[in-house]
Amino acid sequence: MKNMTTQPLKGFRDFLPEQALKRQWLKDRMIEVFESWGYDPVETPTLEPLSIFEGQIGDDEKLFYKFKDAGKRDVALRYDQSVPIARFMAENKEKVGLPFRRYQIQPVFRAEKPQKGRYREFIQCDADIFGVASVLADAEVIAVGLDIYRKLGFKNAKVLVNDRALLKGFPYEAVSAIDKLKKIGEQGALDEMVSRGISKSDATMYLDKIRSLKPNENINFILDYLSKQGFDKSWYKFDPTIARSFSYSSGPIWEIVITDLESGSVLGGERFDGLVESISGKKIEATGFGLGFDRTLEAAETLGLIPDLKTKAQVLVTIFDENLVNNSAGISSTLRDFGLNVEMYPNPTDKLSKQIKYAISKGIKWVVICGPDEISQSKITVKNLVLNEQVQCEINTSKSILFK
RNA sequence: GUGGUCUUAGCUCAAUUGGUUAGAGCGCCAACCUGUGGAGUUGGAGGUUAUGGGUUCAAUUCCCAUAGACCACCCCA
């Protein structure tokens with residue numbers, strides 16, 4: 001036996017049942033919203049040809065998890081979901097038809113230096129609309145993202161909207177520096193542009209231009225649409241400093257921030273009409289967002305929006321003694337047929353008190369006990385561990401009790 | 001990727017300038033209690049002090065490397 005470490009790799013995580021259940025809960029809520037807007041799921045491979053990502057992401061292609069596979073192919077782990085879905089659309093356009101809406105919840109991989117809330121494998125939830133050039137598509141997909149936060153119970157989510165068209169003529173270095181404006185300030189943005197090879201006068205000119213920007217027609221349409229979807233004014237805003245540094249961004253761009261927390265954005269989106277074409281030569285309009293699942297989970301947890309879920313089991317059927325294992329198994333089966341989540345205690349020799357303690361520690365609400373007394377009367381004992389109350393009843397009538 | 005702080009039992013933390021068998025609380029297991037609870041009492045298990053080297057008569061403590069966590073850059077979700 002080798003003396004090997006059992007820690008996960010840097011930036012990768014194990015999830016215990018309690019955390020995994022919270023993640024599942026959040027995922028289910030998001031899916032409900034996506035489906036309520038008519039979006040259907042798709043999945044793409046974990047591994048893609050390296051070539052589809054190259055040249056699309058912008059600055060930091062060092063963060064790709066890339067390697068040669070056993071067939072000497074250059075491959076990369078899914079870095080984001082926009083690029084793979086663009087490949088997917090080029091490949092499957094005729095099968096899915098246009099316009100096409102989809103959502104996708106899958107892990108992505110980035111070889112960053114991890115910190116709290118920053119991981120090398122994290123889940124991204126994407127939603128996009130393909131084949132629609134109208135700003136209506138941008139407005140809708142923004143509303144879908146915002147709706148997720150509304151349905152989750154956030155009170156202070158806000159989408160910051162801009163349009164890349166307003167930044168027309170800005171070199172990539174300027175866009176990237178302006179994107180950081182809030183964090184590094186005007187002087188910082190100026191310095192950054194100059195250090196990246198922009199002349200001082202040009203840098204100043206870009207900054208002045210940003211300051212004087214007014215919302216264009218697209219942005220006004222989007223903000224108006226959000227208002228008509230019932231979002232309060234505090235939920236959306238024009239923000240000329242939102243720039244998004246992905247090379248493929250074009251048209252409307254937006255980010256969602258949780259204003260009562262000091263974390264960065266939890267969602268980022270843009271129109272990316274040119275992406276499918278740059279990969280495949282086929283032109284398909286596209287707009288959509290990537291939502292940070294882990295960051296959203298953390299924010300929701302901080303704000304107490306996630307219910308405590310220790311277990312999905314609702315009932316523990318105890319085993320009175322070894323001779324009555326089959327009796328307990330039969331009760332468990334019947335209760336499952338009622339539609340309950342039922343766990344039968346796994347070790348037949350443990351004492352009843354231990355079995356009940358087990359149910360408490362697991363957070364199971366109900367315990368069923370059936371010994372000789374119950375059997376002689378054709379009944380079972382149903383005990384509520386939260387209220388510390390128990391009744392004897394026939395198994396068929398237990399159904400109405402256990403569902404309370 | 002650069003710089004910094006950190007890692008002791010399942011969890012939260014102790015251990016005097018390097019000095020006997022590394023402690024405590026909580027948790028866990030067992031008995032009291034052969035048909036029922038988180039309490040109580042008593043007892044018990046659990047550590048190669050992250051891993052591997054080095055210095056020293058002696059290392060949890062000092063040095064180096066590796067792994068991981070966190071923080072600031074960087075970047076972003």
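**Figure 1. Residues surrounding RNA strand B in the predicted model.** RNA strand B is surrounded by 49 residues, the closest being K10, K113, G292, G371 and D373; a residue is near the strand if its C-beta atom, placed from the backbone, lies within 6 Å of it. In this predicted model, local features need pLDDT of at least 70 and side-chain atom pairs count only at pLDDT 80 or more, while totals for chains, interfaces and linings use all residues. Residues are numbered from 1 along each chain as its sequence is written, and chains are lettered from A and ligands numbered from 1 in the order in which they are written.

**Figure 2. Elements that supply the surface near RNA strand B.** Helix α12 (352-362) gives the largest share, seven residues. Among the other elements that each supply at least two residues are β6 (121-130), α5 (172-179) and β15 (380-384). Helices (H or I, at least four residues) and strands (E, at least two) are DSSP runs, numbered from the N terminus.

**Figure 3. Helix α8, residues 217-228.** Buried residues of α8 are N218, I219, I222, L223 and L226 (20 or more other C-beta atoms within 10 Å of the residue's own, with C-beta atoms placed from the backbone; exposed, 12 or fewer; partly exposed, in between). They line one face of the helix, because seen down its axis they fall within an arc of 130°, taken from the directions from the helix axis to the C-beta atoms. The face turned away from this buried side carries the exposed residues E217, D224 and K228. Just after α8, G230 takes a positive phi of about 90°.

Technical notes:
Expected span 1.5 Å × (residues − 1).
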